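Hello,

Here is the structure you asked about. My notes on it follow below.

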Amino acid sequence: MSTHSEPTGQSGGAPPAPLWEVFVRARRGLAHTHVGSLHAADAELALRNARDLYTRRQEGVSIWVLPTAAITASSPDEKDAFFDPAADKVYRHPTFYEVPEGAAHL
Amino acid sequence: MYGNDFPADDTSGGLLGEVEAAETALREAAERGRRGAAGVNPAAYFAEVIAADQKVEPRDWMPEAYRATLIRQIAQHAHSEIIGMQPEGNWITRAPSLRRKAILLAKVQDEAGHGLYLYAAAETLGVSRDELVDLLLAGRQKYSSIFNYPTLSWADMGTIGWLVDGAAIVNQVPLCRCSYGPYARAMIRICKEESFHQRQGYEILHTLAHGTPAQREMAQDSVNRWWYPSLAMFGPPDTDSTHSAQSMDWKIKRFSNDELRQRFVDMCVGQAEVLGLALPDPALCWNEERGAYDFTQPDYGELMQVIKGAGPCNRQRMEHRRRAHREGAWVRAAAAAYAAKQANQKEQANQKEKAA
C-alpha cells in the first residue's frame, strides 16, 4: 500500500509499532480477561495506552499487556484432532459417576 | 422501540437493554457451541456457522468477499470515529462551562477510543492499521458524510449528540449482533459508551431550548441544519443500496437502510416534543395504517455529492487529518527510538551479566 508517495504523511516507511494484547482484571478476585489489542512502541507505552483505551470507565484494577507475537495459538483447522483426547474421557467429569442413594457430602 | 427481533423494554432503558440483549445472545450462542471443525468443506462449515447465529472468528475460513466487505465496513467506521473528532474538537476551547468542557473532552476521547477498537477489529482480518490509515489519508477510503458539515454554534454540540449519535446508535445497535465476532464485541463496547454521548447532547439541547429566546433560537437553527444530514446517515434508499442484500445474508447487516431510517424518525418525534423543538419537516405526520411516521426523505443527490468530496468541509477535514498525522510523526519516531534504545541497553546489561 506504499505505492502512493503523497500526501499520506507517513514517516518514510518506519516499521509499524508492535501489536500488544491487553488483559484487564475487572475486580479483585477475578481473573484477567482479554479485552483487545493496541499498537505501542514498548511495554511501558502499551500499558499507558491500554489504560487510556480500555479503562476510561473504571473497567479494571489491573492491566497486563503482552506482545501479540509472543502468543502461540492452536490452529482452528486442527481443532478436532487437537482436542480429541479430551472428548473420550468423560470420566473426568464428576457427573460421569453414579452416586448410590443415601451417600452424602459427595 | 429499537429492535424487532427481540422484545423492547421501556424507552429509557431501551438502548442499553438492547445492547445487553445482544451481549447475552452472544454468550448464549457461544454456550450452544459447535462440535467439529471446518474439515474438508470449509465453505459449508462457514454457512452453517452463519445459519446457526454463531460467530465467525479471525482464524476461521471465510469467503474472500466476506473478508473484504468487513474490512471496508469496519475501516470506514473507524475512519468516521477519527474524523468525527473534528467537528466537536472545534468547540472544546469555547465550551460555555468547565462542566461542559470536561464532558466534551471525554466524548472526543471516546471517539478516538472507538476508532482504535475498530482498527483493532479490522486488523484481525489480516490488514494493518497503517495500511488503513494510509488509505484514508490518500482519500481512497471513505468516512461518514455527516462529518463534512460544519459546527457553527454551541448548540451543534447538542444536536450532534442527539441526532448524529442517535442515528449512529440506531445503525450500530444491530451491529452488536454481527456475525463477525471481533466486530460484534467492539460494537457492544462502543454502543454502551455512545449512550452517554447521546444523553449529554440531549441535555445540552434541553437546556438551550428552555433558556433565553436567543438560546432557543440557536437550538432550533441547529436542529434545522442537522436533521436531513442525519437522515442521510442511513445511506441511500434500499432500492439504490449496492451492498445490502449480500451483507444481510452474511448477517453483517441486520436491517435495511430504510428500516433503520424509519426507526430513527419514529424515535425522534417524541424526543423533539419533549425538547419543545420542531423537526423541520412539514410533511412529518403519523400514519395510522403503517404504524409509523411519514416523513420527507433527505436529498440523496446531496448525499452523493458529499460522499464524492463536494461537501462543505471535506477538504478541511482531510487537510486537518493529514496535518495531524504528519505533525505526530516525530512522536512516533521518538517512541520507537526510545524503545530501541531501552531494548539495546537491556541486551548489553544481559551480556555483561553473562560475561561476569
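**Aromatic pairs**

A search of the whole structure finds 14 aromatic pairs, counted over all chains. In chain A, the ring centres of F82(A) and F83(A) are 5.1 Å apart and their planes stand at 85°, so this pair is edge-to-face. Keep in mind that this is a predicted model. F82(A) is partly exposed, at 48% relative accessible area. F83(A) is also in the partly exposed class, with a relative accessibility of 47%.

Chain B has an edge-to-face pair too: W286(B) with Y293(B), 4.9 Å from centre to centre and 70° between the planes. How accessible is W286(B)? W286(B) has a relative accessible area of 43%, so W286(B) is partly exposed. Y293(B) has 18%. Buried means under 20%, so Y293(B) counts as buried.

One aromatic cluster in chain B takes in F46(B), W61(B), Y66(B) and W250(B).

Two arginines sit over rings. R94(B) is over the face of W91(B), 4.0 Å from the ring centre. R263(B) is over the face of F255(B), at 4.1 Å from the ring centre.

**Chain A: fold and confidence**

Chain A has two helices and three strands. Along the sequence they follow the pattern β-β-α-β-α. The chain has 106 residues, and 22% of them are buried. Take the contacts in chain A with a separation of 6 or more: 39% of them come from residues 24 or more positions apart.

Now the confidence. Mean pLDDT for chain A is 83, and 82% of the residues reach 70 or more. Residues 1-12 of chain A have pLDDT below 50, and this stretch makes 19 contacts in the model beyond near neighbours in sequence.

One backbone angle in chain A deserves a line. H105(A) has a positive phi of about 55°, yet it is not a glycine. H105(A) lies in the segment after α2 (79-87) of chain A. Is H105(A) buried or exposed? Its relative accessibility is 86%, so H105(A) counts as exposed.

**Chain B: helices α5 and α6**

Helix α5 of chain B covers residues 98-123, and α5(B) packs against α6(B) at an angle of about 115° with the axes 9 Å apart. Which residues meet there? From α5(B) they are L116(B), Y119(B), A122(B) and E123(B). From α6(B) they are R129(B), L132(B), V133(B) and L136(B). By class, the contact has six nonpolar residues, two charged and no polar ones.

L132(B) belongs to helix α6, residues 129-137 of chain B. With a relative accessibility of 0%, L132(B) counts as buried. Setting aside residues up to four places away in sequence, L132(B) touches I71(B), A75(B), H79(B), Y119(B), A122(B), V127(B) and Q141(B). For a distance, take Q76(B): it is 56 residues from L132(B) along the chain, and the C-alpha atoms of the two are separated by 9.1 Å.

S230(B) is in helix α9 of chain B, residues 213-232. Its relative accessible area is 0%, so S230(B) is buried. What does S230(B) contact, leaving aside neighbours within four places in sequence? The partners are I146(B), L163(B), V164(B), A167(B) and F264(B).

V265(B) lies in helix α11 of chain B, residues 257-275. V265(B) is buried, with a relative accessible area of 0%. Apart from neighbours within four places in sequence, V265(B) is in contact with W227(B), L231(B), L284(B), Y293(B) and F295(B). Y293(B) is the ring that pairs with W286(B). E194(B) is 71 residues from V265(B) along the chain, with 19 Å between their C-alpha atoms.

Chain B also has a residue with positive phi. K251(B) shows about 60° and is not a glycine. K251(B) is found in the loop between α10 (244-249) and α11 of chain B.

Best regards

How values were computed: Residues numbered from 1 in each chain as written. Chains lettered and ligands numbered in written order. Predicted model: local features only at pLDDT ≥ 70, side-chain atom pairs only at ≥ 80, totals over all residues. Heavy atoms only, no water. Phe/Tyr/Trp six-rings, centres within 6.5 Å; stacked < 30°, edge-to-face > 60°. Buried < 20%, exposed > 50% of the residue type's maximum accessible area, 1.4 Å probe, protein only. Lys NZ or Arg CZ within 6 Å of the ring centre and 35° of its normal. pLDDT = per-residue confidence, 0-100. Contact = heavy atoms within 4.5 Å. Helix = DSSP H or I, 4+ residues; strand = E, 2+ residues; numbered from the N terminus. Axes fitted to C-alpha atoms, helices over the stretch in contact; angles between N-to-C directions. Nonpolar A, V, L, I, M, F, W, Y, C, P; charged D, E, K, R; others polar.
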